[in-house]
Every structure is written in structure tokens, then in C-alpha cells.
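Here's a quick tour of one model, meant to be read with the structure open beside you. Have a look first, then follow along.

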Amino acid sequence: MKKVTSVFWIALALTILAVAYGATAPDNFSEVTGNIESFLTTSFGWYYLLIVSVMVIFCLFFLVSPMGQIRLGKDNEKPEFSFATWIAMLFSAGMGIGLVFWGAAEPLSHFAIDPATAEPGSADAFREAMRYTFFHWGIHAWAIYAVVALALAYFQFRKGEPGLISSTLKPIFGNKVKGPLGVLIDVIAVFATVVGVATTLGFGAIQINGGLAFLFTGIEGDSFPTQIVIIAVVTVLFMISSWTGLSKGIKYLSNTNMVLAVTLLVLVIILGPTLLIMNMFTDSVGSYLQNLIRMSFRAAPVDGDNRAWIDGWTIFYWAWWISWSPFVGIFIARVSRGRTIRQFLAGVLLIPTVISFIWFASFGSTAIDVQNSGVDMTGLLTEETLFAVFGEIPLGMVLSIVAILLISTFFITSADSATFVLGMQTTNGSINPYNSVKLTWGVAQSLIAVILLSTGGLDSLQTALIVSAFPFSFIMLLMMASFYKALSVEYSAIKRKR
């Protein structure tokens, strides 16, 4: 029976308390969460750098290890989804909307506003901007997701455990994960998912609003009524998709996302500075690989300015990806049944990383080229940057409309995937949770986004989400140890039988 568990009620109560705090006392909430975040990034930046690097090494080890031949499911089980659909689904849930939001804005910021070490606007800043953008959205980000997804998929589909974060720690804690300890672990995961998707809904509405206002006269930018309408429409659409189930709604939307994303990407490459894009992609991939180890461990301990940049960008991103890893990891695990560990890691680590590199090389190079042509975009809001870039190249209106459609479909897919994951986590890991449970979480996410948009508490909730990444990072370390322990035992047994 797929009944809701105590995790549902505890997580819902915590979410209500956090939202009530953020809505009624936004300034105090912002101060408290901001101080905690500042303390964690300043005092534990070294920890984030080390743990994420360990995750990358962990994933690469199993990618090449003989243990990679073990299947995430029974030995004769086939993948549930085609390769193309699988890539589209994990990519859409993982960071699709973020690529559109930051595709032009982050490289432009690293180049013209806040470079890591180079002089703003210089050729060195251009190269550095692309390298660090690749770094923030590349293999490190996907390794964080892969660690959670790999452990979940292995224990759920190979070992027959419930699809819960707590179940992955059974080799370490035994049946204690079925008691209060397991409830605590799962509540942290559910809370992070609810808050993360609520902030995404809010920021997605802001970007769609900003794009519409930039394109069409008569529509105000940063308009709360407009944002409510956007959230309401998106909510209805993702609820319909959620009702139809994983193999229909999310599958079809994810494939649509990829078609729109590839269309927009190809158009930007053709209509933008094509030669510059190709050269920057090639040069930046080489620079990324050459400097990967240095960037991974760069803490700038005796340089206050560089250290502040690392805290504000790299450490922030690592904490952000960790905070999203329960949601994205659970979803990726669910759609990866039947693949071998090696296939899984190749698909999760390498393909999205390459796609992200091509995306940022195209949109980032185009944005910087526009900036260098004399059009100053440094004063624009982040959500307006992409549309400002499109306004300076041919077929800008067409590109902008495609971008708004893409943001909307990514928006719907993220919310749809989240309601599915929340349904799983609050019905004891059911792979087909009740529609009523999914719809409850869907409405809750949308209401949270609307409340926080109305009070200005969205940024504070985002900060709270970053803070939640710190305790979950310890759970991830335990997940890696638990997975290695269980897989080693199984692989030893397999070798003895041969």
C-alpha cells in the first residue's frame, strides 16, 4: 500500500515553518540564513572543494573498474527507456533551466564584471571566463548527482530496497535506517527538494516575466501579478503531466526540451559569431582539462579577493549542486534501471558535460562578442541578459520566443520530476506514487513560490537551501562508503563463482 509516511508530515511541517518565517520576517530570515551561509563558505570552503573532488574520483574509479559491469537491476534486465530519452530526462531534471538562465550571463559576468583573477574585459578574462564556467557546470556537478543516483539505483533495483536515501545506508547502520535515523535522513532530502524546486519555480517565473517584458511593450518587468499568472499556468501544465505518469508526461516533455534546446543551440551557432564559438569551444576544453586539478583544489588561502570570488562562485555552486542532489539523484536513479554501472556513469558524467560545454561556448562567446562590440550589458538583470544578446543578432525575436518556450518546458519538467520524487520519498520509496500525493506536493511548491515572491523572501530561501547542503554532504560521504562496501562484497562473490 502506497500510504504516506511520517516523513511526509514532518517534512511538510518543516517546510511550512520555514516559509512562514521567510514570509513574515523576510529581513530577519535573510540575515540569519545569510550569516550561516557566509560562515560555512568561509570556514568550510576547503571541505567543499575536497569532498566534491573525492566524488569525481569515486565516479571515475567505478567508470573504469571491473565492477562497472554490474547492472543496476537484475542481471538480465533491460533499460526501461531508450538511450536518447534517458539522456533527455536526466538532463532536463539536472540543470536544463539553469543553462538557459546562466548560458550568457555567467561567462559575461566572469569576463566583464567579476573575473576570477584577470583584468575585466581582457583577452585573459575571456579565456578564464569560459574555463571557469565549464568548471562550474562540468564533470564536478554531474559527479555530485551521480553519487546519489548510483547508490539509490543499486540498492533499489539490484538489492530490492525501498527507493529512499536512508535505504542506501543499510550496509553501515543495518535496520536502524528503518527507525528515527532513517526518518531524519529522508526528511532532510525531502525538505531540500521542496525548497529547491520552490525557488526554481520562483526564479523561473521571474525569468519568463523578464523575457516577456524585454520583448513586448505593455508587459512590466518584475511584475508580481504577471509572475502569479506564469506560476499558475505552469502549475496546471505540470500537474497534468504528473498525472499521466513517468513514461508519458515527463518522457514526452523531456524529448521536447531536447528538440527545442538543440534548435536554439544550432541557431545561435549559425547566427552568432560561428568561428569564434568554435575556436573558444576548442581552446576552452583544452584549458579546462589542463587546469582541472588546479581549479578543483584552488582555495586562495592568502589572497582575500580571490578567496571571496571562490566563495561566491565555486563554493556556492558546489553547495548548490549538493542541495539539489537528493531530488536530481533520486530522479536519475528512477529512470536508469537496467543499465550497467559503467553505462550509467558514462551517460551521467560525460554526455551532459559535453553538451554543457557546447552550450556555454555558444551562448557565452556570443554574449562576450556583443559586449566587445560596444553594447554594454553589464547593468542588465541576469534574467534579461540572454534576451539582450538575442536583440543584437539576426532573428533575435525568433530566438527569444524559442528561448521562452524552452524555459517554460524545462520549468514544467523540473516541477513535474520533483513532484514524482517527493511522491516516492513520502510513500516509502514507491516507484509509482499516488497521484493525490504528487498533486499535494505540486500545489505546495507553487504556493511556496507565490508566497515568497510576494514578500521578497525567495533569495533567503535559496540561501537556506545552500545551508541545508552542509549536513547532506555528510550523508553523501556515508552513501559512497555504503555503496563501495556492498558492491565489493557482491563483486567478490561473483569472482568466486567464476
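## Ground rules

Buried here means under 20% relative accessible area, exposed means over 50%, and partly exposed is in between (1.4 Å probe, protein chains only). Helices are DSSP runs of H or I with at least four residues, numbered from the N terminus.

This is a predicted model, where local features need pLDDT of at least 70 and side-chain atom pairs count only at pLDDT 80 or more, while totals for chains, interfaces and linings use all residues. Residues are numbered from 1 along each chain as its sequence is written, and side-chain values use heavy atoms, leaving out hydrogens and water.

## Helix α13

Helix α13 takes in residues 304-335. Of its 32 residues, 27 are buried, so the rest of the structure largely encloses α13. There's a bend of about 50° at serine 325, with proline 326 following within four residues; the bend is the angle between axes fitted to the seven residues ending there and the seven starting there.

## An aromatic pair

Why do phenylalanine 316 and tyrosine 317 count as edge-to-face? Rings of Phe, Tyr and Trp (its six-membered ring) pair if their centres lie within 6.5 Å, with planes under 30 degrees apart called stacked, over 60 edge-to-face and the rest tilted. The whole structure has 41 aromatic pairs. In this one the centres are 6.3 Å apart and the planes sit at 65°, so the pair is edge-to-face. Phenylalanine 316 is partly exposed at 23% relative accessible area, whereas tyrosine 317 is buried at 4%.

Definitions and conventions:
Helix = DSSP H or I, 4+ residues; strand = E, 2+ residues; numbered from the N terminus. Expected span 1.5 Å × (residues − 1).
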